[in-house]
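Notebook open, model loaded. I'm jotting down what I look up, one entry at a time.

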Amino acid sequence: MFLQFLVADNREEKKMGFIFLVVVLVFFQGFLISPISCLLNSDGLSLLALKASISTDPYHTLKSWLESDETPCKWYGITCNIQNRVTQVYLPNKGFNGYIPSELGALTSLQNLSLSTNNFTNIIPPRLFNATSLVSLDLSHNSFSGTINPNDIKTLTLLSHLDLSSNLLNGSLPDSLTLLPQISGTLNLSYNRFSGEVPSSYGEFPVTVSLDLRHNNLSGKIPQVGSLLNQGPTAFSGNPNLCGFPLSIQCPEAAGEDPRVPLNPNQNPNPNFSSTGSNISGKSRGISATVPIISAISVLLGVFSISVWLLRKKCVKVEGKMGKEKCDKGEEEEEDEEGQKGKFVVIDEGFSLELEDLLRASAYVVGKSRSGIVYKVVAGRLSGVTGVVVAVRRLSEGGGFWRFKEFISEVEMIGKIKHPNVVRLRAYYFASDEKLLVSDFISNGSLYSALHGGPSSSLPPLSWSARLKIIQGSARGLAYIHECSPRKYVHGNIKSSKILLDEDLHPYISGFGLTRLISSTNKTADLNAEKNNLAQKVVVSGFGSKSLSSPTSVYLAPEAQVSSSKMSQKCDVYSFGVAVLETLTGRLPDVGPENDEKGLESFVRRAFQEERPLSEIIDPALIHEVYAKKQVLAAFHIALSCTELDPEIRPRMRSVSESLDRIGSPH
């Protein structure tokens, strides 16, 4: 009928026909266009609510967030699994102004949420804690206000990393945080307005938790219980009304007490430990616990104090049928006897410290893992002059499979590795139930901390020049480990947390040899396990044995994730490739863990196959370094060659190192 209007001679009739046509088009638009916009899945709609709540987007970060898409998986800052469910929202330092909408709590597969260093305001919506798959939550450096409801946050049963620092949060510290079973990493509530006392339940946190309560309005006495005794003064500083150890402020009712007195009144303090970590000037990198080694070991682990090392018995008492004492003096027994007494051995001739120096030293806990606890030890302080600073790793307790002679052989092999990009082993201590490794202390934390933040690093975002320097040096160190001996050594645990940085961002490979030492000492003491352990020593060259009890790592090569497999140098190459991708993208290595079970490697490889813009792949901190684009692409291609599924296709570390060196230093 409207065609009649279009051909009509009357101008008024033509006008009516045009209006009718517009009405018809609008009517059909409701059927044709609306269904297209409804194709966006529920996670995408939740993210559009976040976009709508942001009033300022100065870098146009969210321009790719279009409601016409079927999924948000190609949107900037978003990572999905194979079911197209959002697993990561990574939007730090984007200059956003706005608030967090409650709809984000509907992202039920969300594992990592980072909105740090923006200007989000208002309260943290309680419904956000409905995202119960969260493993890491970073809302630091914003302007969030209000309180944290303990009943809300305790629903995040998978949470291991929580950073709410540098906001305007107030009220009491939520004591329900100790009910989160997976908390094991960062717990940073610093630079807020929390008030009241430190909950004594915080002493129940695992020793792996890095607690930071600085610069709040906390008051009262710091509870002298559990893992709170493992924290240094930097964990509590900036709270003027807080008192008690490890702060230098004594509580009024305890002015005459010595906070170093053991909790057990029947236990006499060891007079050899006269100095405490709080006497050391400056801050330690990492977990800033400042307690004597003896206190940390006795309180945290409930084992004999270090002073027992000097009082080993001269023979092993074995209760037999006749209750007699065996003190055979054969060669093997004499070696075991020496190990029972305890032996401190200096590997480096230029290292002048003795065991007594370490026992009297002050110690800061700077790292904890399945391999044990690492201390920063300041030893040899004389007449106010700062002495030698070393790292002391106390190997975790195990079945004690290593005999004295075998342990010496393994550790001295580690000590022979001398390279500018490998942490230097200086000395070791062996006893039947205590084993220590003394090495150089690298002062600026790890590459992981430099990339992802946390209490162990206060570094600004790494420039491209710094990142290239780090991966080049790390490649040289790993290549040296692979080629320095005919035994073809294998590191076995390469990852960004094993690449340490000094004040000049010079990289050092750490942890070489630990995989073998720990995999041997942590086995159960039954005959079958011992046979398997000995067989593994024969089959695997160098330090390449793999701990089958360790959890599957996102850095592990596919062939290394098979239980019967052996670690190889090509496995190290794969792990190094993942660490390089992590350095280039700034993303956590487990991004998209359900993405073909390959994590970051799969994400980057797919992005290149889809020819996505480089700006969607690299760390946003590198976007402005346009001049480095060709170099960044070259590094990506090297990393992808390292992470090929077929180990035969992967290059050797020497080739990787040479390829990285050819990239050259940026202008």
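**Entry 1: one tyrosine.** First I needed a word: buried means under 20% relative accessible area, exposed means over 50%, and partly exposed lies in between (1.4 Å probe, protein chains only). Tyr-508 has a relative accessible area of 18%, so I put it down as buried. I found Tyr-508 in strand β24, residues 507-509. Strands (E, at least two residues) and helices (H or I, at least four) are DSSP runs, numbered from the N terminus.

Before going on, I noted what I'm looking at: this is a predicted model, where local features need pLDDT of at least 70 and side-chain atom pairs count only at pLDDT 80 or more, while totals for chains, interfaces and linings use all residues. Residues are numbered from 1 along each chain as its sequence is written, and side-chain values use heavy atoms, with hydrogens and water left out.

Back to the tyrosine: what does Tyr-508 touch, not counting residues up to four places away in sequence? Contact means heavy atoms within 4.5 Å, and the partners include Pro-420, Val-422, Ile-442 and Asp-502. With Asp-502 there is also a side-chain polar contact of 3.4 Å. A polar contact is a pair of N or O atoms within 3.5 Å; within protein, one must be able to donate a hydrogen and the other to accept it, and residues adjacent in sequence count only if both atoms are side-chain atoms. I also checked Leu-447: it sits 61 residues from Tyr-508 in sequence, and 9.8 Å away in space, C-alpha to C-alpha.

**Entry 2: confidence.** pLDDT is the predictor's confidence in each residue, from 0 to 100. The chain's mean is 75, and 69% of its residues reach 70 or more. Residues 1-8 have pLDDT below 50, and this stretch has nine contacts beyond near neighbours in sequence. Residues 381-386 stay under 50 too, with six contacts beyond four places in sequence.

**Entry 3: cores.** A nonpolar core is a set of buried Ala, Val, Leu, Ile, Met, Phe, Trp, Tyr and Cys residues joined through side-chain atoms within 4.5 Å. The largest one has 61 residues, and Leu-437, Phe-576 and Phe-636 have the most contacts inside it. Helix α11 (residues 464-483) gives the largest share of this core, nine residues. I also noted a second, separate core of 58 residues, with Leu-40 and Trp-65 among them.

Leaving aside neighbours within four places in sequence, its contacts include Phe-407, Tyr-428 and Leu-514.

**Entry 4: aromatic rings.** Rings of Phe, Tyr and Trp (its six-membered ring) pair if their centres lie within 6.5 Å; planes under 30 degrees apart count as stacked, over 60 as edge-to-face and the rest as tilted. How many aromatic pairs does the structure hold? I got eight. In one of them, Phe-96 and Phe-120 are edge-to-face, 6.2 Å centre to centre with 65° between the planes. Phe-96 is in the loop between β3 and β4 and Phe-120 in strand β6, 24 residues apart. Both Phe-96 and Phe-120 are buried. Phe-407 and Tyr-428 also form an edge-to-face pair, linking helix α9 (residues 404-415) to strand β21 (residues 425-430). Phe-407 is buried because its relative accessible area is 0%, and Tyr-428 is buried at 1%.
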